[in-house]
Amino acid sequence: MASGSALIFDEEMSRYKLLWKDPVCEIEVPERLTVSYEALKTHGVTQRCKQLPVRQATEQEILLAHSPVSKSFVFILVRNIWSTATSISIREVRNGMALVRPPGHHSQRSAANGFCVFNNVAIAALHATKNYNLKRVLIVDWDIHHGQGVQYCFEEDPSVLYFSWHRYENQTFWPNLPESDYTSVGKGKGCGFNINLPWNKVGMTNSDYLAAFFHVLLPVAYEFDPELVLVSAGFDSAIGDPEGEMCAIPEIFAHLTQLLMPLAAGKMCVVLEGGYNLTSLAQSVCQTVQTLLGDPAPRLSGLTAACESALESIQNVRNAQSSYWSCFKHLG
Ligand SMILES: [Zn+2]
């Protein structure tokens with residue numbers, strides 16, 4: 001049985017900047033990676049991980065989730081992009097984290113979107129289902145934005161279960177899409193395999209995040225019984241982030257990681273998405289990788305009931321999914 005944790009990092013990925021002129025792109029800086037990696041080194045974490053070599057994604061791998069048009073477009077726009085999600089070998093190690101940038105979950109088949117060029121996690125899921133013949137892959141997107149690119153890629157596909165929580169504020173927060181709401185449950189054969197949990201208020205806490213896991217994600221994830229778990233790990237959902245404006249502390253990611261580890265016999269790939277407060281980001285990355293290595297999650301104090309807005313969203317998702325999952329059948 002595979003053991004150990006991989007860490008994917010290549011300095012090459014901290015050498016470029018996005019060329020989009022939009023000032024909102026200014027927060028997607030190379031320091032996001034270097035600060036995270038330095039924090040892992042300082043805590044003695046890098047030495048405990050297996051550092052897998054990075055390679056450039058092949059054209060064939062990129063075309064799994066993107067059209068040829070978009071591929072040539074982005075090669076002109078941004079050179080030196082390395083997609084490493086596919087280089088996590090699920091055969092060599094039990095789990096791992098890929099420190100990559102820019103993020104990927106907004107990227108669509110023929111369009112770059114919201115800092116995202118290649119959809120790393122979508123490519124990884126398609127790679128796993130096509131080349132390793134996996135029948136069930138779970139994608140957990142704890143980034144504070146909706147990964148609509150991932151949703152579009154898999155909404156008709158029952159082999160990939162996509163769960164995303166995201167700041168929504170009744171569609172007033174970017175990307176302002178009606179399809180980011182809890183009512184989008186997937187299409188056709190994919191009904192029930194798309195789960196959106198909208199946060200309609202900012203300031204969500206550890207208690208709200210845990211409630212979402214306990215009452216929505218985990219019951220469904222156990223019933224789905226994935227063979228691989230991929231995490232779209234955006235840490236803009238942590239305290240201090242200018243995008244998320246949430247209040248959950250970095251230690252929560254140790255718990256979220258640990259709660260997912262019993263699934264898929266421990267096979268889990270965590271892939272960095274957003275996270276723009278460098279302090280909060282680096283701490284959250286450390287918490288996540290230390291947990292992957294088997295360290296116990298630190299104690300959380302001050303847990304309370306989830307707030308009313310969170311409970312309302314959780315209840316709405318459970319009701320919307322009740323015809324697809326037996327764990328929610330009693331609600332239907
Ligand atoms: Zn984000």
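## A cluster of rings

Ring pairs join Phe163, Trp165, Trp199, Tyr209 and Phe213 into a cluster. Rings of Phe, Tyr and Trp (its six-membered ring) pair if their centres lie within 6.5 Å; planes under 30 degrees apart are stacked, over 60 edge-to-face, and the rest tilted. This is a predicted model, where local features need pLDDT of at least 70 and side-chain atom pairs pLDDT 80 or more, while totals for chains, interfaces and linings use all residues. Residues are numbered from 1 along each chain as its sequence is written, and side-chain values use heavy atoms, leaving out hydrogens and water.

## Two pairs up close

Searching the whole structure turns up 12 aromatic pairs. Tryptophan 165 and tryptophan 199 make a tilted one, 5.7 Å centre to centre with 50 degrees between the planes. They're 34 residues apart, in strands E5 (residues 160-167) and E6 (residues 194-199); strands (E, at least two residues) and helices (H or I, at least four) are DSSP runs, numbered from the N terminus.

Tryptophan 165 has 0% relative accessibility, so it counts as buried (under 20% relative accessible area, 1.4 Å probe, protein chains only). Phenylalanine 193 and tryptophan 325 are an edge-to-face pair, because their planes are at 75 degrees, with centres 5.5 Å apart. Both of these residues are buried.

## Two helices

The axes of helix H6 (residues 206-224) and H9 come within 10 Å and cross at roughly 20 degrees. Axes are lines fitted to C-alpha atoms over the stretch in contact, with angles from 0 to 180 degrees between N-to-C directions.

How values were computed
Buried < 20%, exposed > 50% of the residue type's maximum accessible area, 1.4 Å probe, protein only.
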